[in-house]
Amino acid sequence: MSEYDDAAVAELQSIRQSIDNIDAAVIHMLAERFKYTQRVGYLKASAGMPPADPAREQVQVSRLRSLAAESHLDPAFAEKFLNFIVAEVIHHHEQIAEGEA
């Protein structure tokens, strides 16, 4: 016999399955996003544009902070998450520009 209430255990498993499904969707969406940022990297490299675009990044930070607030998500967390993604994208763009990708 379990020391925990069966209904609570079943609900926990259900919630965790939902979390797992969301995690899978997030990974698939990030993969799709990176496909497009790779295309941007090749376009920038072929046009001689710099890998980073600070003005675009600031617009994105403001936009995502606003979206986060509307969604009841900490805007500071959303900004940190975006900064992490942007750093990886810039790294990819630098590799592309250097002919390493």
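Select A87 to begin: this residue sits in helix α3. Helices here are DSSP runs of H or I with at least four residues, numbered from the N terminus. At 47% relative accessibility, A87 counts as partly exposed. The cut-offs are these: buried means under 20% relative accessible area, exposed means over 50%, and partly exposed lies in between, with a 1.4 Å probe and protein chains only. A87 and I19 are 68 residues apart in sequence, and their C-alpha atoms lie 26 Å apart in space.

A note before moving on. This is a predicted model, where local features need pLDDT of at least 70 and side-chain atom pairs count only at pLDDT 80 or more, while totals for chains, interfaces and linings use all residues. Residues are numbered from 1 along each chain as its sequence is written, and side-chain values use heavy atoms, with hydrogens and water left out.

**Stop two: a pair of helices**

Show residues 54-70, helix α2, together with residues 75-97, helix α3. How do the two pack? Their angle is about 145°, and their axes are 8 Å apart. Each axis is a line fitted to C-alpha atoms over the stretch in contact, and angles run from 0 to 180 degrees between N-to-C directions. Look along the crossing: α2 passes α3 in a right-handed way. Right-handed means that the near helix is turned clockwise from the far one by less than a right angle, and left-handed means anticlockwise.

Next, colour the residues that meet. On the α2 side, pick E57, Q60, V61, L64, R65, A68 and A69. On the α3 side, pick P75, A76, A78, E79, L82, N83, V86 and I90. Contact means heavy atoms within 4.5 Å. What kinds of residue make up this contact? Ten are nonpolar, two polar and three charged. Here Ala, Val, Leu, Ile, Met, Phe, Trp, Tyr, Cys and Pro count as nonpolar, Asp, Glu, Lys and Arg as charged, and the others, Gly among them, as polar.

**Stop three: salt bridges**

Stay with R65 and E79. They form a salt bridge, with the closest N and O atoms 2.7 Å apart. R65 lies in α2 and E79 in α3, so the pair ties together parts that are 14 residues apart in sequence. A salt bridge needs a side-chain nitrogen of Lys or Arg within 4 Å of a carboxyl oxygen of Asp or Glu. R65 is partly exposed at 32% relative accessibility. E79 is partly exposed too, at 27%.

How many salt bridges are there by this rule? The count comes to two. For another, select E32 and K35, whose closest N and O atoms are 3.4 Å apart. Both lie in helix α1, three residues apart, about one turn of the helix. E32 is partly exposed, with a relative accessible area of 35%.

**Stop four: a buried lysine**

Move along α1, residues 6-47, to K44. K44 is buried yet has no salt bridge. The nearest side chain of opposite charge is D53, 5.1 Å away. For charge, Lys and Arg count as positive and Asp and Glu as negative; His and the chain ends are not counted. Show the residues that K44 touches: M49, P50, P51, A52, D53 and H93, leaving out residues up to four places away in sequence.

Is S46 buried or exposed? At 64% relative accessibility, S46 counts as exposed.

**Last stop: the loop**

Finish at H72, in the loop between α2 and α3. Most residues other than glycine have a negative phi. H72 is not a glycine, but its phi is positive, about 65°. H72 counts as exposed, at 77% relative accessibility.

How values were computed:
Helix = DSSP H or I, 4+ residues; strand = E, 2+ residues; numbered from the N terminus.
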